[in-house]
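Subject: Structure handover

Hello,

Here is the structure I said I would pass on. Please open it next to this email and follow along.

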Amino acid sequence: MGFSGFPDEAFIFYEGLVADNSKAYWTAHKELYETGVRAPMLALMDELEPEFGPAHLFRPHRDVRFAKDKSPYKTHQGAYCGVGVEGVGYYVQVDADGLYVAAGWWMPGDQVLRYREAMDDDTAGPLLEEILAALPGDLTVGGERLKTRPRGTPEDHPRLGLLRHKTLHAGRRFEPEPWLHTPEALDRVRSTWRALVPLVDWLRRHLS
C-alpha cells in the first residue's frame with residue numbers, strides 16, 4: 001500500500017505518550033501506534049527505498065538500563081537509511097511536534113580521527129565547508145562538539161569550528177500542517193534528503 005501521509009492520529013498518539021509515558025497508555029493505544037505511526041512510516045520508507053536504500057525502523061522501547069530517565073517508550077518514531085558506513089545516512093522522525101528530516105553522521109568513536117584527518121586536508125576540508133555553505137538556508141547544521149579545540153590543534157586553524165565536531169548532521173523540522181496528512185510529506189522528505197546527498201557523500205568517502 002502506497003504512502004498517503006501521516007494521519008492526525010499519529011500526532012495525537014505522541015501527544016498522549018508525552019503526557020503519560022507508561023505501559024498502561026502504550027497497551028491501551030498500541031493499535032493506534034501500529035496503524036497511525038508504524039504503518040505509514042513503513043510505507044514512506046518503501047517509497048524512498050529505490051533511491052536511498054532499505055530503511056531500519058527504530059524500536060519504540062527505550063534502553064533504560066543506564067539512564068536516569070526510566071520512561072519506557074520513545075516519544076518519536078525514527079527511521080534510518082544507511083549508506084554502508086556505520087553511523088552515516090539519512091534519517092526521518094515523526095513525533096508530537098511534526099516531522100524532522102535530516103542526514104549526516106551520528107556515531108563518534110574511531111571515525112572522529114578520520115574526520116579530523118579530512119578536516120586537516122587542504123582539499124577535503126575546504127570542500128566540506130563549501131558543501132555546508134551551499135545547503136538551503138532552512139537546514140540547520142548540528143552535531144556533538146567539543147567545547148575546546150582538539151588536542152594539538154592550533155588556535156588559528158582555518159576550520160577550527162568544524163574540527164570540534166564529534167558528529168555532524170543537518171536537517172529541518174516541519175511543524176504539523178495539513179500537508180503532513182497527504183503524499184506531499186513524501187516529497188518533502190525526498191527533497192530534503194536529496195539536498196543533503198553532497199554532505200552524506202563527503203562523509204561516506206572520508207569516514208569509511
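How many aromatic pairs does the count come to? The count comes to 18 aromatic pairs. Please keep in mind that this is a predicted model.

**Aromatic rings**

A pair of aromatic rings is described by how far apart the centres are and by the angle of the planes. Take Phe58 and Tyr80: their ring centres are 6.4 Å apart and their planes stand at 50°, so this pair is tilted. Phe58 sits in the loop between β1 (56–57) and β2 (76–82), while Tyr80 belongs to strand β2, so the pair ties together parts that are 22 residues apart in sequence. Phe58 counts as partly exposed because its relative accessibility is 30%. Tyr80, at 16% relative accessibility, counts as buried, since buried means under 20%.

Phe174 and Trp179 make another pair. Their ring centres are 5.3 Å apart and their planes are at 90°, so the pair is edge-to-face. Phe174 and Trp179 are both buried.

There is also a cluster held by ring pairs, and its members are Phe13, Tyr14, Tyr25, Trp26, Tyr33 and Tyr73.

**Helix α3 and its partners**

On the α3 side the meeting residues are Tyr115, Ala118 and Met119; on the α4 side they are Ala124, Gly125 and Leu128. By type, the residues of this contact of α3 with α4 are 5 nonpolar, 1 polar and no charged.

The contact of α3 with α7 divides into 5 nonpolar, 2 polar and 1 charged.

**Gln93**

Gln93 is found in strand β3 (residues 88–95). Is Gln93 buried or exposed? Its relative accessible area is 11%, so Gln93 is buried. The side chain of Gln93 has a polar contact of 2.7 Å with the side chain of Tyr91, and one of 2.8 Å with the side chain of Asp95. If neighbours within four places in sequence are left aside, Gln93 is in contact with Met41, His76, Gln77, Gly78, Gly98, Leu99, Tyr100 and Arg173.

**Thr192**

Thr192 is placed in helix α6 (residues 184–195). Its relative accessible area is 0%, so Thr192 is buried. The side chain of Thr192 reaches the backbone oxygen of Arg188 at 2.8 Å. Not counting residues up to four places away in sequence, Thr192 touches Val101, Leu139, Arg172 and Phe174. Phe174 is the residue whose ring pairs edge-to-face with that of Trp179. Thr192 and Gly78 are 114 residues apart along the chain, and their C-alpha atoms are separated by 16 Å. Gly78 is also among the contacts of Gln93.

Regards

Methods:
Residues numbered from 1 in each chain as written. Predicted model: local features only at pLDDT ≥ 70, side-chain atom pairs only at ≥ 80, totals over all residues. Heavy atoms only, no water. Helix = DSSP H or I, 4+ residues; strand = E, 2+ residues; numbered from the N terminus. Buried < 20%, exposed > 50% of the residue type's maximum accessible area, 1.4 Å probe, protein only. Polar contact = N/O pair within 3.5 Å; in protein donor to acceptor, adjacent residues only side chain to side chain. Contact = heavy atoms within 4.5 Å. Nonpolar A, V, L, I, M, F, W, Y, C, P; charged D, E, K, R; others polar. Phe/Tyr/Trp six-rings, centres within 6.5 Å; stacked < 30°, edge-to-face > 60°.
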